[in-house]
Amino acid sequence: MRSTFVLVRRHLQHHWLRSGLTMAALALAMFLLCFVISIVTTLEAAITSAATTRLVVQSAVSLFVNLPISYVTKIVQVSGVDEVTVFQWFGGYFREDEQPFAQFGVDHGHFFSMYAKDLRIIAGPGGLTGPGASEAAIAAMAADRRAAVIGTRLAQEYGWNIGDTVPLTAKIFTKTDRSAWDFNVVGIYEPLKSNVDDRTMWFRFDYLQETMIAEGAPADFGAGAYMVNILPEADPSTVAAAIDRLFENGPQRTKTTTEAAFQAIFVAMLGNVPAFMASLGGAIVFAVMFSVVNTMLMAARQRRGETGILKALGFTDAAVMRLLLVESFVLCLTGGGAGIALAKGIEGPMRDAMGAALPGFAVAWSTLGIAAGVTLLLGLIAGIGPAIGLGRLHPALALRSEG
Amino acid sequence: MSALIDLVGVTKRYSRGAETLTVLDALQFHVEAKDFVALMGPSGSGKSTILNIVGGLDRPDAGRVEVAGSDLQALSSSELARWRSRHVGFVFQSFNLVPVLTALENVMLPLLLTPLDAKKRREQAAFALDVVGLADRMHHRPRQLSGGQEQRVAIARAIATDPDIVLADEPTGDLDRESATAIMDLLGRLNTELGKTFVVVTHDPMVGERAKRTLRLDKGVLREAGRGSTASVRGPG
């Protein structure tokens, strides 16, 4: 087998440009395939890892219509509800040319306990790290209206630390004097789930609310959504229906869903991403398949004379077929393998590049498995036809062939 | 004792469109062990067809082919391939070396089909190259060798597995006179010293002169053309 492999290797080396280009095409194709599959699996992971025991209450009209702040006190009284926090998108930016990050105004008194399974504060005031950091950061948040907790990568990217003031320019909540909003960093969190972004800033909603009211907003300045944790024994659909019934007559009707369903709606807003990605992946595989098949057909055509020699020496039809098939597999596995390795190798930088658009971007092992399977299949498809052709070649005819 | 090569009543036809061409018709051809037979005749007379049938590369349409004690007609395609690897070595006009392999690796190719381990294969291939006088060229690729040297590598490959028979199709056809003479010297030496049986197809009168027997094939008829032993040749009619 090893000796046969020498012949395969020599052929690939002899036609190094053709082999190299085909391998490069395969590497690119498998990298892209891993990438498009990973987009779909990351989106699906965001849905599956979202809590089913957490409800999202939003306006029945649109996510962009605010709900009155007075709803919180009513929601918390619904049977089965454990805790409630406001959840308001801020939409500010630090420097316009920087990659944007998300900021949310939350009820600091409830948010961090509600999301204890999703994120963990790992650094707090006074240089505190570890278990004490969370308590200290929440206490600091309670004491400072401008306090904010930021993600680990946000801290790393901008070099922000505890005690720093971060000025953000608002696009939605602009002040009359156009001045920036200042936030004081009191804590740094790390995500505990793949669907939680590590580039988000959580700050006190009442800072936003009070400032906007002072700037002339209505006194019942509300929030875009309320997140509701339900008790373990409560049925999510029953609680959701109870909340919606509560506001059936307004002033704003609500639409309550589980967080998982809410994530699914977001994914659906992007269109049928899995179908689109599947088409894209299929097109990539087909395009590279033609290239590999062409390469192997050329190899087989050039190998007719040599096949005659091998058969004259006593190589069986099956042995000759095996040689070309092995060459096809080596070509595909080397090229495809490089692409697959690259996809996994630069997973981190890809996740960074995706940012908040696709938090938790990951190239799963199952994705690598699929790409490896496709690579093997390509090797088989590209090699089997030409191999059968050479296997069937009459030795006396093959010896008369050129090349 | 039967002949090493025994072709009895061998007929071979080729179809070209609607036309059927009978190249060999009830041919008798017998070669004893350690013989050196030259097959001569005009182009298209069927010399190479005889060689292909004897070497198990082609099958006749009728007749019996018994070579080295095996009835080749009774063997399947894969059995025939294995039989070739044990009993026959081929030498071709255009050398037919694998261009991507070195001389040593080319000679090792037929040894891959033997139960020898890698070390033994290497040793045996090196020995074969030494026999043909190319021990100092074993790591050269075919394109780095002269025509005569390439043919000597091909001869080394043909004898590497120690076959009973070496079949050579125009072995001097692509060589200059000096190289052709050297190749014939080598083949003669392998015949007399190692006892290999040679059947050589040629147009070259010099090759015919050096053979123990020369047979001429013309219009399907195989005739004894010169010196030699038992002429057992009969063509049609």
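**View 1. A salt bridge between B:Arg213 and B:Glu224.** Here B:Arg213 pairs up with B:Glu224, and their closest N and O atoms sit 3.8 Å apart. To count as a salt bridge, a side-chain nitrogen of Lys or Arg has to be within 4 Å of a carboxyl oxygen of Asp or Glu. B:Arg213 belongs to strand 9 (residues 213–218) of chain B and B:Glu224 to strand 10 (residues 221–224) of chain B, so this pair ties together parts eleven residues apart in sequence. (Helices, H or I with at least four residues, and strands, E with at least two, are DSSP runs numbered from the N terminus.) B:Arg213 is buried, at 1% relative accessibility, while B:Glu224 is partly exposed at 27%. Buried means under 20% relative accessible area, exposed means over 50%, and partly exposed is in between (1.4 Å probe, protein chains only).

Before you look further: this is a predicted model, where local features need pLDDT of at least 70 and side-chain atom pairs count only at pLDDT 80 or more, though totals for chains, interfaces and linings use all residues. Residues are numbered from 1 along each chain as its sequence is written, chains are lettered from A and ligands numbered from 1 in the order in which they are written, and side-chain values use heavy atoms, with hydrogens and water left out.

**View 2. Two other salt bridges, one in each chain.** Side chains of opposite charge can pair when their charged atoms come close. In chain B, the side chains of B:Arg210 and B:Asp185 meet at 2.5 Å, N to O. In chain A, A:Arg204 and A:Asp206 come to 2.8 Å between their closest N and O atoms, and both are buried. Over all chains, the structure holds 22 salt bridges.

**View 3. A tilted ring pair, A:Phe87 and A:Trp202.** Rings of Phe, Tyr and Trp (its six-membered ring) pair if their centres lie within 6.5 Å; planes under 30 degrees apart are stacked, over 60 edge-to-face, and the rest tilted. The structure holds 27 such aromatic pairs over all chains. In this one the centres are 5.9 Å apart and the planes at 50 degrees, so the pair is tilted. A:Phe87 is buried at 16% relative accessible area, and A:Trp202 is buried at 7%.

**View 4. A stacked ring pair, B:Phe90 and B:Phe92.** These two rings lie 5.8 Å apart, centre to centre, with 5 degrees between their planes. Both residues are buried.

**View 5. Where chain A meets chain B.** Here 20 residues of chain A are in contact (heavy atoms within 4.5 Å) with 26 residues of chain B. About 2,000 Å² is buried between the chains, with carbon and sulfur atoms giving 66%; buried area is the accessible area (1.4 Å probe) that two parts lose on being put together, summed over both. In chain A, A:Arg10, A:Ile309 and A:Leu313 lose the most area to chain B, together 29% of what that side buries. The rule finds one salt bridge across this interface: the side chains of A:Arg10 and B:Glu105 meet at 2.4 Å, N to O.
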